Amino acid sequence: MKLLRTLSTPRLAMLLAGVVALVVVAASVAVAASGGGGPTPPPKPLPQAIHDGLAASKPDGITARIKFTNRLFPSGDLLGNVGSALMSGASGRLWLTNAGKGRLELQSNAGDVQVVWNGKRVSVYDASSNTVYKATLPEQSKEANPTHDAGAPPALSEIGDFLAKLRQHATLSGAQPTDVAGQAAYRVHISPKHDGGLLGSAELAWDAARGVPLDVAIFAQGSSSPVLELQVTHISYGPVPESDVAISPPAGAKTVDLGSTARAAAHSTREAEAKPVSGLSAAQAAAGFAVVAPRKLVGLPRQDVRAVGGADSKAVLVVYGQGLGAIVVLERKADSAAQQGGALSSLPRISIDGLTGHELATQLGTVIQWQRNGVSYVLAGSLPPAAAETAARDLK
């Protein structure tokens with residue numbers, strides 16, 4: 001909690017953008033331009049196509065040319081030049097080894113960004129500011145899976161059961177044969193049935209023979225163009241030299257190490273989870289300030305109230321509604337950092353009953369930060385700005 005409050009907006013944006021890029025690529029990357037007239041696989045039921053992809057032999061390595069499109073955020077002026085290649089879109093290259101090491105290099109007119117990671121650390125170098133941001137990756141659980149042998153994919157029946165449960169909440173297409181970056185692939189389309197907020201749908205395509213994800217796209221409601229898209233324009237499989245994924249930033253680059261702060265924040269989170277305090281009265285007593293949590297907010301019923309954060313960052317989290325359409329409100333006693341606006345202080349200003357707030361409006365949701373009566377509020381939800389501002393005005 002303290003990490004998010006004290007980081008500047010550019011640093012926070014860089015960290016989030018780096019994590020987003022890493023998560024998408026670590027799954028083995030990207031979307032290729034569709035409909036290239038290449039080979040297509042034979043039709044298969046979706047559970048079988050997923051099972052065969054998961055059971056496929058792991059490639060020795062991946063080398064690809066990619067294109068990343070980001071229409072999520074407003075004008076680049078919002079966050080300045082820091083991380084602009086990640087925040088506005090870029091093209092570049094990817095190298096990924098079978099040992100979990102990788103490198104993503106993106107180029108754009110606003111500046112280049114390079115992401116390098118292994119099993120323990122990730123670094124994001126922003127050439128426009130000559131700054132490298134470093135962070136420690138969470139440790140993977142080493143607990144054995146009692147259901148499967150190590151490395152074994154789920155059984156076909158388990159995949160079928162999972163998809164049946166998923167279809168209770170989402171509309172799911174079949175495995176659609178296609179070609180992606182010259183590779184025979186299957187594509188699946190998914191959209192929420194209800195409580196989806198502004199999310200319209202998502203698409204995923206994967207290499208039919210190797211199980212490597214090749215297409216990731218997210219669409220907002222009513223839009224035919226993806227909000228986020230990562231495309232492979234060319235891909236090849238084979239060993240990747242260590243030198244391709246062991247690139248260091250320039251010697252004179254400024255270094256921002258987020259690792260120790262992230263570990264401290266994770267410790268505070270684990271501490272709070274170990275001793276959960278839920279319910280309005282209990283959470284308010286633990287937080288030490290007057291919590292505003294009406295039973296309903298813009299028609300959504302209150303679902304949960306709980307204290308979060310460590311001893312040095314007490315806060316209360318209130319949830320309204322369910323699923324992707326829920327509204328989340330984080331409340332904490334205003335301190336010197338909050339009075340300066342914190343990480344959201346450079347966002348566009350709005351008025352909330354005469355109070356100054358800061359708002360980030362995207363195609364998938366809205367985040368608003370403001371203060372009232374000595375309490376700092378952050379409201380987030382997958383809803384339009386007007387609805388989010390109405391909800392913010394109702395919290396008093």
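Q114 touches R103, L104, E105, S123, V124, Y125 and I247, leaving aside residues up to four places away in sequence. Touching, or contact, means heavy atoms within 4.5 Å. This is a predicted model: local features need pLDDT of at least 70, side-chain atom pairs count only at pLDDT 80 or more, and totals for chains, interfaces and linings use all residues. Residues are numbered from 1 along each chain as its sequence is written, and side-chain values use heavy atoms, with hydrogens and water left out.

**Q114**
- Q114 sits in strand β5 (residues 113-117).
- Q114 counts as buried because its relative accessibility is 12%; buried means under 20% relative accessible area, with a 1.4 Å probe and protein chains only.
- The side chain of Q114 makes a polar contact with the side chain of R103, at 3.0 Å.
- A polar contact is a pair of N or O atoms within 3.5 Å; within protein, one must be able to donate a hydrogen and the other to accept it, and residues adjacent in sequence count only if both atoms are side-chain atoms.

**Helices α3 and α5**
- Helix α3 (residues 46-55) packs with helix α5 (residues 156-166) at an angle of about 125 degrees, and their axes are 9 Å apart.
- L46, P47, Q48, I50, H51 and L54 of α3 meet L156, I159, G160 and L163 of α5.

**Whole chain**
- The chain has nine helices (H or I, at least four residues) and 23 strands (E, at least two), taken as DSSP runs.
- Of its 396 residues, 44% count as buried.

Key
Axes are lines fitted to C-alpha atoms, for helices over the stretch in contact, and angles run from 0 to 180 degrees between N-to-C directions. Buried means under 20% relative accessible area, exposed over 50%, partly exposed in between (1.4 Å probe, protein chains only).
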